[in-house]
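Please consult the sequence and the model shown here while reading.

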Amino acid sequence: MKFDLDAQQRDFAASIDAALAAADVPGAVRAWAAGDTGPGRKVWAVLADLGVTALLVPERFDGIDAHPVDLVVALERLGRWCVPGPVTESVAVAPLLLADDERCAALAAGELIATVALPPQVPRAVDADAAGLVLLAGDGRASEADVGARHECIDPSRRLFDVEAAGDGWDADVARAYEFGALATAAQLVGAGQALLDAAVDYAKQRSQFGRVIGSYQAIKHKLADVHIAVELARPLVHGAALSLADDSPHARRDVSAAKVAAADAALLAARSALQTHGAIGFTAEHDLSLWLLRVQALRPAWGDPTVHRRRVLEALT
């Protein structure tokens with residue numbers, strides 16, 4: 001199945017790439033991991049200017065009320081650039097949980113960053129110490145939440161926190177919000193996988209071994225071709241799941257899970273191949289490759305690990 005983005009969507013993706021290329025995102029990720037969210041918030045301000053933070057916010061709150069495909073186009077680019085912060089939670093999930101809440105206007109403007117816990121698949125809220133709004137959702141209800149103990153993540157730029165409900169809360173379409181969370185995470189994994197593939201290809205053209213650049217060896221070519229195929233197979237599944245959610249398809253749950261599994265597997269293959277291609281330098285924290293390697297490991301289990309989503313696909317097929 002082939003999905004072709006329209007000119008407006010391609011231009012949107014290109015504008016995100018251009019803006020983030022000039023924003024020193026790796027520096028912002030390292031600062032975020034060290035507890036300094038200032039550079040990362042500047043990156044979020046850039047995204048707000050482009051309309052990314054307003055994508056799922058209703059128009060009555062100055063949002064865009066965009067199509068889910070537009071969301072995954074943007075989230076793939078954010079994964080490609082390894083943007084720090086609760087991207088999935090603030091851009092894709094919080095607008096659905098808040099729905100008719102006037103705080104959606106602050107989300108759209110980029111003035112408010114939100115994070116979400118949604119047990120059991122999302123038991124903790126990421127970056128709750130940096131978010132202006134912490135939400136807890138489940139059983140058709142959402143509420144604000146108090147922040148508890150902090151837990152470390154394999155990706156030091158993603159801190160996890162226990163949360164407890166604060167107040168009675170309100171009715172919310174939690175099931176749909178979860179599907180958007182899983183889909184948005186899948187889109188970021190596709191973007192991260194593409195970034196790792198690009199880095200590996202570029203490095204394979206530079207690194208020499210036995211008097212030849214390693215990119216000339218058939219084994220390297222085949223390995224990187226396998227990654228390319230995996231990423232290209234995952235991307236249409238992500239787009240297809242976005243269409244299913246837009247149409248309220250009865251198969252949306254299955255399609256989202258299939259996309260999440262394919263994206264997680266492709267990103268993991270890309271990470272392994274990039275690390276092998278780079279060799280020893282890929283193990284160093286100083287090399288930017290490490291940022292994507294750790295992000296992939298953190299996002300694979302986020303919003304449901306591959307085992308959970310494979311089970312959901314199996315249930316849908318049987």
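The model is predicted. The secondary structure of the chain comprises 11 helices and seven strands. With a radius of gyration of 19 Å, close to the 20 Å that the globule rule gives for 318 residues, the chain is as compact as a globular protein of that length. Along the principal axes, the C-alpha atoms fill a box of roughly 70 × 45 × 35 Å. Of the 318 residues, 53% are buried. Among contacts between residues at least 6 apart in sequence, 70% join residues at least 24 apart.

Two packed helices are described by the angle between their axes and the distance between the axes.

| Helix | Residues |
|---|---|
| α8 | residues 218-246 |
| α9 | residues 252-278 |

The axes of α8 and α9 come within 8 Å and cross at roughly 155°. Angles over 145 degrees count as roughly antiparallel, and α8 and α9 are therefore roughly antiparallel to each other. The crossing of α8 past α9 is left-handed. By class, the contact of α8 with α9 has 18 nonpolar, four polar and three charged residues.

Leaving aside neighbours within four places in sequence, aspartate 255 is in contact with Leu237, Ala241 and Ser244.

Technical notes:
Residues numbered from 1 in each chain as written. Predicted model: local features only at pLDDT ≥ 70, side-chain atom pairs only at ≥ 80, totals over all residues. Heavy atoms only, no water. Axes fitted to C-alpha atoms, helices over the stretch in contact; angles between N-to-C directions. Helix = DSSP H or I, 4+ residues; strand = E, 2+ residues; numbered from the N terminus. Parallel < 35°, antiparallel > 145°, perpendicular 65-115°, else oblique. Left-handed = near helix turned anticlockwise from the far one by under 90°. Nonpolar A, V, L, I, M, F, W, Y, C, P; charged D, E, K, R; others polar. Rg over C-alpha atoms; globule rule 2.2 N^0.38 Å. Buried < 20%, exposed > 50% of the residue type's maximum accessible area, 1.4 Å probe, protein only. Contact = heavy atoms within 4.5 Å.
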